[in-house]
Amino acid sequence: MVEHDLQKQCFSTIVDGFKAFLSYSVEGSEIDVNTTQVPNAISGRGIASTLMKEVVTFAKEKNLTFKKPQSCSYAQSWLERH
């Protein structure tokens, strides 16, 4: 289950006791993913992709566009692929 902390501008989830998160910032009508962090112990399970899907849904709901390029290289490459 992914949780969204609007005040901290962060999406997070806990998997097998490890916390993965994505932080973002909003400036005007643009959203920028600052970082996506998934511990090595739980990497390779699509967790970062799940967090990205959540931020995309949030951006669509708020009519935000993604800043180009993104601060987070993972987010940039994920957005280019999807």
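Trainee: Charges, then. How far apart are the mean positions of the positive and negative charges?
Mentor: They are 3 Å apart, with 9 positive and 9 negative charges in the protein chain. Keep in mind that this is a predicted model.
Trainee: Okay, what about one of the lysines: where does K19 lie?
Mentor: K19 is in strand 3. Leaving out residues up to four places away in sequence, K19 touches S12, T13, I14 and P39.
Trainee: And how far apart are K19 and R45?
Mentor: In space, 13 Å from C-alpha to C-alpha; along the sequence, 26 residues separate them.
Trainee: Let's zoom out. Which pattern does the chain follow?
Mentor: Going along the sequence, you get β-β-β-β-α-β-α. That makes two helices and five strands.
Trainee: Why call it as compact as a globular protein of that length?
Mentor: The radius of gyration is 12 Å, close to the 12 Å that the globule rule gives for 82 residues, so the chain is as compact as a globular protein of that length. Along the principal axes, the C-alpha atoms fill a box of roughly 35 × 25 × 15 Å.
Trainee: How much of the chain counts as buried?
Mentor: 35% of the 82 residues. The chain exposes about 5,300 Å², and carbon and sulfur atoms supply 48% of that area.
Trainee: Which residues does S23 touch?
Mentor: Q9, C10, D32, V33, N34 and T35, if you skip residues up to four places away in sequence.
Trainee: V33 interests me. What is V33 in contact with?
Mentor: Beyond its neighbours within four places in sequence, V33 contacts L22, S23, Y24, M52, V55, F66, Q70, S71, C72 and A75. V33 is also one of the residues with the most contacts inside the largest nonpolar core, alongside L22, I31 and V55.
Trainee: How many residues does that core have?
Mentor: The core has 19 residues.
Trainee: Which element gives the most?
Mentor: Helix 1, with seven residues.
Trainee: Last one: what share of the contacts join residues at least 24 apart?
Mentor: 46%, counted among contacts between residues at least 6 apart in sequence.

Technical notes
Residues numbered from 1 in each chain as written. Predicted model: local features only at pLDDT ≥ 70, side-chain atom pairs only at ≥ 80, totals over all residues. Heavy atoms only, no water. Helix = DSSP H or I, 4+ residues; strand = E, 2+ residues; numbered from the N terminus. Rg over C-alpha atoms; globule rule 2.2 N^0.38 Å. Buried < 20%, exposed > 50% of the residue type's maximum accessible area, 1.4 Å probe, protein only. Contact = heavy atoms within 4.5 Å. Areas by Shrake-Rupley, 256 points an atom, 1.4 Å probe, with all protein chains shown as cover. Lys, Arg positive; Asp, Glu negative; His and termini not counted. Charge placed at Lys NZ, Arg CZ, Asp CG, Glu CD. Core = buried A, V, L, I, M, F, W, Y, C linked by side-chain atoms within 4.5 Å.
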